[in-house]
Amino acid sequence: MHCLEGGCYMSGLAFISPETVLPSFVKSLGGSVNLVALMPVLLPASFSVLGLFVAPLVERLHHLKPFVVLFGAVQRLPYLIAALLMFSLPQSRAVLLPIVVLTPIISGLIGGVGVNAWMEMVTRMIPEHLRASGWAIRYVIQGVIGLAAGPVIHWMLSRHSDAAGYAWLHLICFAFLALSFCAQLLMRETTDPHPLRLPQPSYKAYLRQLPVMLTEQPRLIRLIFARFTGLGWLMLVSFLTIHALKATGRPPADVGHLVLASMLGSLAGNIFAGWIGNRSGGRALMLFSRVLCLLLCAGLPFIHSFPGFLAMLFILGFGLFVDRVGDLTFSAELCPRERRPTYQAILSFCQAVALIVAASLSGLTFFLTQNFLGVVALIAVFAATSLLILRGIPEVRGLGANGHASPVMGETTPMV
């Protein structure tokens with residue numbers, strides 16, 4: 001159910017693809033360069049904002065599933081509402097642009113209230129040695145279903161050149177999100193094998209603890225900087241789609257072909273990530289993704305044909321999802337089990353800031369240089385820096401918070 005829930009959820013998002021479809025739509029609606037750059041990060045950044053403020057509540061919940069289900073239901077509704085608004089309201093840029101931009105923000109903010117409870121629940125459910133494949137299978141399901149997304153997007157935007165095409169894509173997205181919610185209802189929560197008996201300080205005292213907790217974990221501080229400088233994939237993706245269509249003179253509907261190439265890459269990347277991640281842990285996957293990002297940046301200046309850009313989108317999809325599986329696996333294992341929801345919330349909050357800053361930097365670089373290759377050069381510098389930082393963080397697979405060997409999670413926590 002964990003795999004089906006995530007696979008259906010992300011498959012739905014593939015039909016409106018925040019990395020490829022939405023940036024092109026925003027550009028056609030007259031959105032600024034900075035807004036185009038922000039589109040791929042609006043949803044993940046919004047997801048990461050509020051978790052830090054509800055972490056004290058999550059740490060004290062004995063049953064996480066009701067909390068997860070409540071906010072999981074509400075977070076999916078904005079996509080249905082957006083589709084209905086696009087069908088019913090006048091088809092003007094002044095109306096459509098706020099709808100397209102606010103939908104992922106509102107969904108992410110609502111989902112962010114429950115995301116740390118969800119993360120803690122599934123971390124308890126899945127044994128340590130199967131976590132990488134657990135995340136990867138979710139992405140593989142997305143990749144398989146997402147293979148249909150490219151042709152559907154191309155057909156829909158060819159048939160409906162106005163906002164109606166995007167409205168239908170949002171409606172398809174919501175249908176998959178509803179299926180995802182049904183799978184979430186069927187997930188069976190496991191109890192915490194080591195429940196914490198935490199004091200209940202005031203909220204002000206809790207906030208004062210956060211910097212101290214972070215400074216006690218220097219490896220997490222390095223991970224925060226490695227994550228920030230490793231955001232080259234998301235900095236690249238929106239501009240790459242627009243650049244590919246502009247450089248080759250292809251119509252906007254051909255963004256569907258680019259989505260298909262990206263989905264094929266993500267499918268291959270997740271199979272690879274599940275296999276390597278189970279064996280070597282998340283850090284190895286993150287290192288590999290940085291090296292691949294550098295190679296992609298080195299090759300992009302020489303690509304001028306549409307088949308070449310399809311190959312680049314395949315590599316981008318491959319590397320992006322290798323990075324996601326590695327990051328989810330490594331961060332869950334790097335956070336100490338005690339206060340894990342709070343540590344995850346700290347990482348997520350820092351990631352939200354990093355996403356906005358990185359996207360703004362890429363947008364500013366494109367605005368100042370008016371050159372796609374300027375963004376590529378910035379991303380290459382980021383990837384190299386992230387690679388160096390990651391090399392300084394040791395692998396923690398099978399180790400406790402203090403670096404000592406710990407039992408495999410599957411020995412104490414049953415797998416559902």
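User: On what basis are residues numbered and values computed here?
Analyst: This is a predicted model, in which local features need pLDDT of at least 70 and side-chain atom pairs count only at pLDDT 80 or more, while totals for chains, interfaces and linings use all residues. Side-chain values use heavy atoms, with hydrogens and water left out, and residues are numbered from 1 along each chain as its sequence is written.

User: How many cavities of 30 Å³ or more are there?
Analyst: Rolling a probe the size of a water molecule over the atoms shows where empty space is left. On a 1 Å grid over the protein atoms alone, a cavity is a set of points where a 1.4 Å probe fits but cannot get out; a pocket is an open set with protein on both sides within 12 Å along at least five of seven lines; and lining residues have an atom within 4 Å of a point. Grid points are joined across faces, edges and corners, and a volume is the space filled by probe spheres set on the points. By this rule, the number of cavities of 30 Å³ or more is four.

User: Which helices each supply at least two residues of the lining of the second largest cavity?
Analyst: The second largest cavity holds about 60 Å³ of space, and its lining consists of H2, V122, T123, I126, R131, W135 and A332. Helices here are DSSP runs (H or I, at least four residues), numbered from the N terminus. Those that each supply at least two residues of this lining are α6 (93-125) and α7 (131-159).

User: How do the residues lining the second largest cavity divide by class?
Analyst: Ala, Val, Leu, Ile, Met, Phe, Trp, Tyr, Cys and Pro count as nonpolar, Asp, Glu, Lys and Arg as charged, and the others, Gly among them, as polar. By these classes, the lining of the second largest cavity has four nonpolar, two polar and one charged residues.

User: Which helix gives the largest share of the lining of the largest pocket?
Analyst: The largest pocket has a volume of about 720 Å³. Of its 31 lining residues, S24, K27, S28, I242 and L245 lie nearest its centre, and by class the lining has 17 nonpolar, nine polar and five charged residues. Helices that each supply at least two lining residues include α2 (21-28), α8 (163-185) and α16 (372-391). The largest share, five residues, comes from α11.

User: Within what arc do the buried residues of α16 fall?
Analyst: Buried means under 20% relative accessible area, exposed over 50%, and partly exposed in between (1.4 Å probe, protein chains only). The buried residues of α16 are F372, V375, V376, I379, F382, A383, S386, L387 and L390. They line one face of the helix, because seen down its axis (by directions from the axis to the C-beta atoms) they fall within an arc of 140 degrees.

User: Which exposed residues lie on the face of α16 turned away from its buried side?
Analyst: An α-helix has 3.6 residues a turn, so residues three or four places apart point the same way. The buried residues of α16 are covered by elements including α10 (218-229), α11, α13 (282-299) and α15 (340-369). The face turned away from the buried side carries the exposed residues V381 and L388.

User: What is the relative accessibility of N270, and is this residue buried or exposed?
Analyst: N270 is found in helix α12 (residues 255-280). Leaving aside neighbours within four places in sequence, N270 is in contact (heavy atoms within 4.5 Å) with A136, Y139, V140, F321 and V325. Its relative accessibility is 0%, so N270 counts as buried.

User: Which residues does M121 touch, not counting those up to four places away in sequence?
Analyst: M121 is found in helix α6. At 2% relative accessibility, M121 counts as buried. The residues it touches are L64, K65, V68, M187 and E189.

User: What is the phi of S17?
Analyst: S17 lies in the loop between α1 (2-14) and α2, and is buried, with a relative accessible area of 6%. Most residues other than glycine have a negative phi. S17 has a positive value, near 20 degrees.

User: What separates the C-alpha atoms of I172 and A83?
Analyst: I172 is in helix α8 and counts as partly exposed at 21% relative accessibility. I172 and A83 are 89 residues apart along the chain, and their C-alpha atoms are separated by 9.2 Å.
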